[in-house]
Amino acid sequence: KQIMELRRVGREPLQVQVTATAQLAEATPVVLEVSEIEQQLKVDREERQFGLTEANRQLMRNLAHEIKNPLGGIRGAAQLLESELNADQREYTRVIIAEADRLQALVDRLLAPHRAPRVVADVNIHEVLERVRMVMLAEFPRGLAIERDYDASAPEFRGDKEQLIQAVLNVVRNAAEALEDRIAAGDARITLRTRVARQATIARTRHRLALDLHIIDNGPGIPDDLKDRVFFPLVSGRDTGTGLGLTLAQTFVQQHQGLIEVDSRPGRTDFRILIPLQRAHDT
């Protein structure tokens, strides 16, 4: 006798519970087969991520536009007021202008992915990674090792090179900032790893080939309270962070029909970027 129960609660992943009992004759073999649901859970997780990302993106775009208009008026009023104040009082208007400029820069970063037109051409992912590696080693000349683990068979694909550079740079810079203590100790390490995934499924679409890029660091890991929100805008684990780096990285990856996810524990954080390898003759 075999009983199977399927249960779904709200938007939680489908859970499968199998209970089996049997009355056996002597020497009668019994086989119990349980199918894995890991793939279904993965698809559900990806769909929730895409849905949340789109909702957050629309919210931030609307918020940015609402902030932008009054911000210009505040800055202009402060400039006019400055001309009527004495030298000591102008210090306050300079603070207003400086903070208005800082917020303007933040708004521009929120809107940037939706303003700039994409420039699609053949992209070599290893050229992208080498550019990022060169920039990061210039920023952190001591205490940080950036190791390469490249798959030379990874083909070129159609994409926006500058967007991909910015996406990878944001993730690598985020990793380097999390490695502050290890950089000071001289044993910080980031690994850039490329592989080619076959028959990869992204958001229920199966792709014959996909770029499988991993950015791995040996830092402290992402705090538990941030793991589910790490790609949300304005969420940062650092007091000085804007919380936009990973949000923009996710936006750029998704504009390539790709997926970015993270697996983190103390001593190892692995950001995985999966992008379909669409070649020139496929377009």
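The legends below describe close-up views of a predicted model.

**View 1. The chain as a whole.**
This predicted chain contains six helices and nine strands. It has 283 residues, of which 36% count as buried. Among contacts with a separation of 6 or more, 68% join residues 24 or more positions apart.

**View 2. Helix 3 and its buried side.**
Helix 3 covers residues 125-139. Its 15 residues reach 21 Å from the first C-alpha to the last, close to the 21 Å expected at 1.5 Å a residue. Buried here are Ile 125, His 126, Val 128, Leu 129, Val 132, Arg 133 and Met 136. These residues cover an arc of only 150° around the axis, which puts them on the same side of helix 3. An α-helix has 3.6 residues a turn, so residues three or four places apart point the same way. The face turned away from the buried side of helix 3 carries the exposed residues Met 134 and Ala 138.

**View 3. What lies over helix 3, and how the helix starts.**
Several elements cover the buried residues of helix 3, including strand 3 (120-123), strand 4 (144-149) and strand 5 (157-160). Helix 4 (161-178), strand 6 (188-202) and strand 7 (205-217) are also included in this cover. At the start of helix 3, Asn 124 places a side-chain oxygen within 2.8 Å of the backbone nitrogen of His 126.

**View 4. Helix 4 from its start.**
Asp 160 stands at the start of helix 4, where one of its side-chain oxygens comes to within 3.1 Å of the backbone nitrogen of Glu 162. The 18 residues of helix 4 should span 26 Å at 1.5 Å a residue, and the end C-alpha atoms are 26 Å apart, which agrees. Buried residues of helix 4 include Leu 164, Ile 165, Val 168 and Leu 169. Val 172, Ala 175 and Ala 176 are also among them.

**View 5. Helix 4 against helix 6.**
Two packed helices are described by the angle between their axes and the distance between the axes. For helix 4 and helix 6 (residues 245-254), the axes come within 8 Å and cross at roughly 145°. The crossing is left-handed. Helix 4 makes the contact through Gln 163, Gln 166, Ala 167, Asn 170, Val 171 and Asn 174. Helix 6 contributes Gly 245, Leu 246, Leu 248, Ala 249, Phe 252 and Val 253.

**View 6. Thr 269 in strand 9.**
Thr 269 belongs to strand 9 (residues 268-276). Its relative accessible area is 3%, so Thr 269 is buried. A 2.8 Å polar contact links its side chain to that of Ser 264. Beyond residues up to four places away in sequence, Thr 269 touches Ile 215, Ile 216, Asp 217, Gly 221, Ile 222, Val 262, Asp 263 and Ser 264.

**View 7. Glu 66 in helix 1.**
Helix 1 (residues 38-82) includes Glu 66. With 59% relative accessibility, Glu 66 counts as exposed. Its C-alpha atom is separated by 9.9 Å from that of Val 107, 41 residues apart along the chain.

Most residues other than glycine have a negative phi. Gln 199 has a positive phi, near 55°. This residue is in strand 6 and counts as partly exposed, at 43% relative accessibility. Gln 257 also has a positive phi, of about 55°. Gln 257 sits in the loop between helix 6 and strand 8 (259-265).

Methods: Residues are numbered from 1 along each chain as its sequence is written. This is a predicted model: local features need pLDDT of at least 70, side-chain atom pairs count only at pLDDT 80 or more; totals for chains, interfaces and linings use all residues. Side-chain values use heavy atoms; hydrogens and water are left out. Helices (H or I, at least four residues) and strands (E, at least two) are DSSP runs, numbered from the N terminus. The expected span of a helix is 1.5 Å times one less than its number of residues. Buried means under 20% relative accessible area, exposed over 50%, partly exposed in between (1.4 Å probe, protein chains only). The arc is that of the directions from the helix axis to the C-beta atoms. Contact means heavy atoms within 4.5 Å. A polar contact is a pair of N or O atoms within 3.5 Å; within protein, one must be able to donate a hydrogen and the other to accept it, and residues adjacent in sequence count only if both atoms are side-chain atoms. Axes are lines fitted to C-alpha atoms, for helices over the stretch in contact, and angles run from 0 to 180 degrees between N-to-C directions. A crossing is left-handed if the near helix is turned anticlockwise from the far one by less than a right angle, and right-handed if clockwise.
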